[in-house]
Amino acid sequence: MSAARTLPNWVTVFLMPALNVTLAFVIGGLVVAAIGENPLRAIQVLVYGAFGYGEGWGYTLHFATNFVFTGLAVALAYHAGLFNIGVEGQAYVAGLAIMVALALDNTHWVVVLVASTATAAALGAFWAAIPAYLQAKRGSHIVITTIMFNFIANALMSYMLSQVISRPGANAETETIAAGARLPLLRDFLPFFGHSPVNVAVILAVFALIFVYVLIWHTKFGFKLRTLGQNPAAARYAGISAVSIIIITMAISGALAGLVAVNEAVGVQKRLVVAYVGGAGFVGIAVAFMGRAHPVGVLLAAILFGGLYQGGQELAFEMPSVSSDLIVVIQALVILFTGAMSEIFRPALVRIFGQKEPEEPGLEPEPEITEAEGKP
């Protein structure tokens, strides 16, 4: 039997995602060409709109901030062998943190930031811990329960916004945070970002990246988490409690998802509106898989998807024949080839760059016994 061949890390981390994105853009370009537009011109507009000037960078970082939170939420759960599909709902429920921000909007924005961050994280953790408990203690499947909790979150928030916390006379939206308590925008310090909505929550995203990296690879809990994810039987044999690891991991995952509320509801919209998450939770799944569930990879993938969102808006403005639906198709192609079909190039790359795994010292291959040697 031939030895297994593995890919160098640089191929897995950089080359394979780059090929996936390139393939997505090639197919997207064919779609653009099919409607009679120049695909090279479309790509030029998209890239310039996302990264060509300061305000474009600001919008890209604003979208990327949401995707960092949701991507980290999915990646952390994935290391424990869990597939958290409920990030969208966890972020949506965490939007109730706006009520704390409104209650403190006569104080200082730092107080609002700290209080709303803690509240949003707690609400997201609570919403994620319920399906985690059901899986750990009752054997429910985490994928099914988190999907259903997305629907429950949607119904719950629609009721809250229409019947409980809505501003009098408004159509399903809360009061707006007072001007003195609003989170500062980066353009207040760096005019480079123009009129973009990127705010101090981007710093929170950087801390979240560092936190997840340290948690997974430099703590005892992270070691238990990875052990459970890679080999549940070995984890049980080592005395690791799967129940506590599953519940705590999902709670932290939900807390990370909840931070979307700080960036979007408290920082940008300054109020809570229906469906304010805007699908960031589902994009986070692709971000986590494209980033190989590593914080550095999640950061790069989040910037890419943030650029796609911002560049797509510029593309719709500059080339009206490229409709918003077509832009969604291009974004979906990137998600398809970087998420669901991320391994499509692996067999070819293994043939080109594959390396034989080094044999463990002292383990000599067993000699084959011929038919003649096997006879007495």
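Colleague: Which helices each supply at least two residues of the lining of the largest pocket?
Modeller: The model is predicted: local features require pLDDT of at least 70, side-chain atom pairs count only at pLDDT 80 or more, and totals for chains, interfaces and linings use all residues. Numbering starts from 1 along each chain as its sequence is written, and side-chain values use heavy atoms, leaving out hydrogens and water. A pocket is an open set of points on a 1 Å grid over the protein atoms alone, with protein on both sides within 12 Å along at least five of seven lines, and lining residues have an atom within 4 Å of a point. Two helices (DSSP runs of H or I, at least four residues, numbered from the N terminus) meet that condition: H1 and helix H14 (295-318).

Colleague: Which residues lining the largest pocket are the closest to its centre?
Modeller: The largest pocket holds about 260 Å³ of space, taken as that filled by probe spheres set on the grid points, joined across faces, edges and corners. Of its 14 lining residues, the closest to the centre are Val13, Phe14, Pro17, Met290 and Leu300.

Colleague: What is the volume of the largest cavity?
Modeller: A cavity is a set of grid points where a 1.4 Å probe fits but cannot get out. The count comes to 1 cavity of 30 Å³ or more. The largest cavity has a volume of about 70 Å³.

Colleague: Which elements give two or more residues to the lining of the largest cavity?
Modeller: The lining includes Phe25, Val32, Ile43, Leu315 and Ile330. Two or more lining residues come from each of helix H1 (9-34) and helix H2 (39-51).
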